[in-house]
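The sequence and structure are shown first.

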Amino acid sequence: TINGPGANVLSVDGRDQPTESRVFFVFAGNVVRISDLRISNGFSSGAGGGVGVESGGNLTLNNCLISGNVAESAGGVYGENGSIITITNSTITNNVSFVEGGGVSMRGGTLTMINSTINNNEAPLGGGVSVDNGGAATILNCTITENGNAGGTSGEIGGLRIISGSAVNLKNSIVAMNNISGTSIADVGGTVNSQGNNLIGNNNGAAVSLPAGNPNVNGDFVGTNAMPLNAMLGSLLNNGGTTSTQALMPGSPAIDAGNNTGAPATDQRGAIRPQNTTVDIGAFETGVPITSSGTGTGSNVNTTLGSVSVTFSSVTQAGTTTQIPISPSAAGTLPGGYSFGTGYPAFDITTNALYAAPITVCVQIPGMIDMTTFNTLTLLHYEGGVLVDRTSFRDFATQTICASVMSLSPFAIAENLAPSAANVSVGGRVLTSGGRGISRSRVSITDQNGEIRFATTNSFGFYRFNEIPAGETYVLSVQHKSYQFNSQVLTISEDIRNVDFMALP
């Protein structure tokens with residue numbers, strides 16, 4: 001199991017290797033799960049420049065980006081006969097194969113793809129996805145677009161290629177805008193088992209299981225060679241989440257045209273489905289209230305994103321910070337003793353600004369909650385495949401909970417069902433020498449093992465740390481660009497509310 005910090009943060013890269021440089025290979029009898037990672041620039045003179053899975057191997061990719069890989073067969077991901085591959089919430093783009101399956105090639109194994117985007121891959125046979133040699137595939141709420149082959153010849157398939165003897169079940173998916181030169185068979189080639197509510201741009205190469213119609217008897221929207229269907233998609237961009245997606249433009253026939261039965265509860269980004277009464281076709285769900293704001297340079301830079309506030313301790317290159325509401329279940333795995341509860345928010349927060357940690361993230365809880373319930377709430381942060389409690393401050397008056405973290409990724413509000421009796425809270429105020437509260441001061445508490453937690457003061461200078469193990473000695477310090485403070489060393493055995501800091505003259 002490999003849990004990365006995010007496909008937009010960390011890559012395993014095969015670039016500049018002197019010989020064969022396939023990034024991952026899964027041997028027979030092994031079960032491999034890779035999440036939140038970019039797999040890029042691999043090369044294989046055989047199959048699978050990014051990832052190869054031999055017969056008897058089992059691979060799961062989740063929240064991954066597979067990009068820039070090259071191979072003789074299957075530039076991105078390759079499965080041999082008898083292999084099992086599952087791809088969820090991932091983007092496979094800009095991979096090249098010299099034979100078949102620019103993005104993905106399954107030769108006799110079993111492939112499952114959910115909430116994933118296959119875009120701008122290249123191969124003579126099946127630029128996006130190729131399933132042959134008796135392989136089986138289930139494709140649900142995926143977007144397969146703009147794949148093809150420059151210089152292709154008649155009869156080749158740009159999007160989804162299925163060879164006789166292979167079985168492909170397709171539901172709630174877009175296969176459109178794929179192209180290759182020299183042929184009009186661009187999107188689908190071979191027999192597709194429609195499970196309903198697909199959008200096919202050009203059905204010229206598909207069997208009669210995808211008859212033309214808008215919609216047809218299966219609920220599919222299908223274009224023809226003479227009249228291709230325009231899916232009305234945006235470019236591959238950061239639309240929230242850690243992998244790029246293609247947004248549905250206003251008026252797209254894919255909007256509210258899917259089938260709710262069996263559809264995933266979130267889209268590729270983790271946004272809740274459906275936003276209206278019916279899910280959209282493809283990997284992207286429209287109507288999600290994404291909030292973005294510019295983030296300037298300097299120290300203690302604050303960016304407000306609706307009910308979320310992000311304060312960077314330092315920003316050296318300006319950018320844009322974005323939050324997107326997601327389903328709590330899509331934020332990560334809860335630690336023991338915690339519950340998502342009902343109605344508490346979760347967000348995926350990203351930025352392209354260049355910053356230094358720590359970061360303080362604050363979330364205002366919707367509605368009014370009584371103090372007893374409020375004191376059980378925590379702000380959890382996704383780290384290495386699991387959610388970690390990073391709560392550093394609570395303010396009941398404003399219903400706000402803050403966390404101090406070292407990176408951005410999904411955050412979720414959760415209830416601590418059984419807070420430890422051995423843990424206490426420590427708080428106080430940071431003041432000028434004249435007794436005025438100082439906002440946006442960074443307060444740190446360091447334990448006997450050298451582990452550090454951070455909190456940022458609110459507009460009145462108050463700070464607070466929760467879930468501090470009692471009976472230990474701690475060093476508390478304050479940093480601010482305009483003031484200096486003496487540190488304090490305390491042995492803490494109970495809740496403390498008056499650990500105040502007054503600026504030196």
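A salt bridge here is a side-chain nitrogen of Lys or Arg within 4 Å of a carboxyl oxygen of Asp or Glu. Strands (E, at least two residues) are DSSP runs, numbered from the N terminus.

## Basis of the values

The model is predicted: local features need pLDDT of at least 70, side-chain atom pairs count only at pLDDT 80 or more, and totals for chains, interfaces and linings use all residues. Residues are numbered from 1 along each chain as its sequence is written, and side-chain values use heavy atoms, with hydrogens and water left out.

The whole structure holds 6 salt bridges. Arg107, Asp132 and Arg161 are joined in a network of such contacts. Between Arg107 and Asp132, the closest N and O atoms are 3.1 Å apart. Arg107 belongs to strand S15 (residues 104–107) and Asp132 to strand S18 (residues 129–132), so this pair ties together parts 25 residues apart in sequence.

Asp132 also forms a salt bridge with Arg161, at 3.4 Å from N to O. That pair links distant parts of the chain, 29 residues apart, with Arg161 in strand S22 (residues 160–162). Asp132 and Arg161 are both buried, the former at 5% relative accessibility, whereas Arg107 is partly exposed at 31%.

## The enclosed cavity

The search gives 1 cavity of 30 Å³ or more (a set of points on a 1 Å grid over the protein atoms alone where a 1.4 Å probe fits but cannot get out; lining residues have an atom within 4 Å of a point). The largest cavity contains about 40 Å³ of space, a volume being the space filled by probe spheres set on the points, which are joined across faces, edges and corners.

Its lining comprises Asn300, Thr311, Phe312, Ser313, Pro358, Thr360, Arg442 and Thr456. Strand S35 (308–317) and strand S39 (354–364) each supply at least two lining residues, and S35 gives the most, with 3.

Technical notes
Helices (H or I, at least four residues) and strands (E, at least two) are DSSP runs, numbered from the N terminus. Buried means under 20% relative accessible area, exposed over 50%, partly exposed in between (1.4 Å probe, protein chains only). On a 1 Å grid over the protein atoms alone, a cavity is a set of points where a 1.4 Å probe fits but cannot get out, and a pocket is an open set with protein on both sides within 12 Å along at least five of seven lines; lining residues have an atom within 4 Å of a point.
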